Amino acid sequence: MNFRELNIFLSVCELGSMSEAARHLYMTQPAISQAISELEGEYNIKLFDRIGKKLVLTHAGEILRDYGKKINLLLNEAENTLRDISDMKMGKLKLGASRTVGTYLLPQLIGEFLKIYKNIELPFYIDNTSEIVKMIHENEIDLGIVEGPIHSDNIEVKYFLDDELYLICSKDHNWAKKKIINKDDLSLENIIIREVGSGTREVFENTMKAHNIEFNIKLELNSTEAIKRAVEANLGVSVISKLAIKEELKSSRLVKVEIDGVKFLRQFIIIYHKDKYLSELCKKFIDFICSNAKT
């Protein structure tokens with residue numbers, strides 16, 4: 001059975017005759033009769049009895065008519081849903097974000113996007129950058145919003161925002177009253193840093209190596225909030241995105257420290273698999289992020 005045969009059958013049911021169905025469908029009556037005969041032959045059943053000059057549904061015909069109506073309703077619902085998705089009236093986009101972006105940047109952007117596109121679903125998952133890349137590879141999410149670098153030829157990358165990691169210490173640390181330190185000072189200090197696999201950790205290590213600075217990692221934590229609390233307790237110093245420490249710097253609970261000749265710079269990026277079809281919703285969200293994200 002196919003949709004053509006089903007719709008011919010339903011037209012005959014509705015109009016009560018094969019000749020009327022033929023006129024309605026712009027077909028010949030023999031073509032209508034053949035389609036009904038093929039349906040009956042395929043399942044070895046009779047769909048109509050001819051009582052006098054009138055076609056009457058058999059029990060099997062009544063069952064097929066009821067199912068056919070349900071199938072057409074579902075088909076119409078599917079078509080309307082796809083049109084709504086195409087028109088951005090509904091849809092779903094699965095996102096993944098690294099911890100910094102997912103905690104301090106993405107929620108506000110999602111909120112603003114949903115003010116414009118009210119019925120869109122935007123579930124998002126937060127993990128470190130390497131796990132978000134893995135989710136992209138396994139097609140568990142549609143887009144990732146992370147801090148680079150990305151080590152995969154299968155991932156497309158779109159830059160949308162510059163970021164800087166600030167070196168921070170406790171207000172009780174002996175650096176707190178200094179305007180600037182040198183590289184040797186940093187090599188002697190205990191470092192509190194994110195886990196391997198995080199973008200923050202990679203940017204920190206790459207920058208330190210580029211400036212030939214030795215470093216001693218004292219604590220490795222997978223939570224930016226935990227790192228901030230550890231630095232506040234004067235257990236060591238850290239580098240954290242400026243997005244994550246606005247309130248602490250404003251209240252002087254943490255102190256930003258400059259390093260002579262050293263900056264920890266990076267970019268926030270949108271990533272997706274190179275073979276991924278970008279729906280209209282994907283494109284709209286990417287454009288929105290690029291136009292509205294700010295530190």
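Predicted model: local features only at pLDDT ≥ 70, side-chain atom pairs only at ≥ 80, totals over all residues.
Which element gives the most to the lining of the second largest cavity? Rolling a probe the size of a water molecule over the atoms shows where empty space is left. Here, the count comes to 2 cavities of 30 Å³ or more.

Let's start with the largest cavity, which has a volume of about 70 Å³. Two elements each give two or more residues to its lining: strand E8 (155-170) and strand E13 (254-259). If you want to find the spot in the structure, look for the run Glu-164, Leu-165, Tyr-166 and Leu-167, then for Lys-256, Val-257, Glu-258 and Ile-259. Val-262, Lys-263 and Phe-264 complete the lining.

Now for the second largest cavity, at about 50 Å³. Back to the opening question: the answer is E12, with 4 residues in the lining. This strand spans 238-241, and Ser-238, Val-239, Ile-240 and Ser-241 are all on the lining list. Helix H10 (224-232) also supplies at least two residues; Thr-224 and Ile-227 are among the lining residues too. By class, the lining of the second largest cavity has 4 nonpolar residues, 5 polar ones and 1 charged.

Definitions and conventions:
Residues numbered from 1 in each chain as written. Heavy atoms only, no water. 1 Å grid on protein atoms, 1.4 Å probe; cavity = no way out; pocket = protein on both sides within 12 Å on 5 of 7 lines; lining within 4 Å. Points joined across faces, edges and corners; volume = space filled by probe spheres on them. Nonpolar A, V, L, I, M, F, W, Y, C, P; charged D, E, K, R; others polar.
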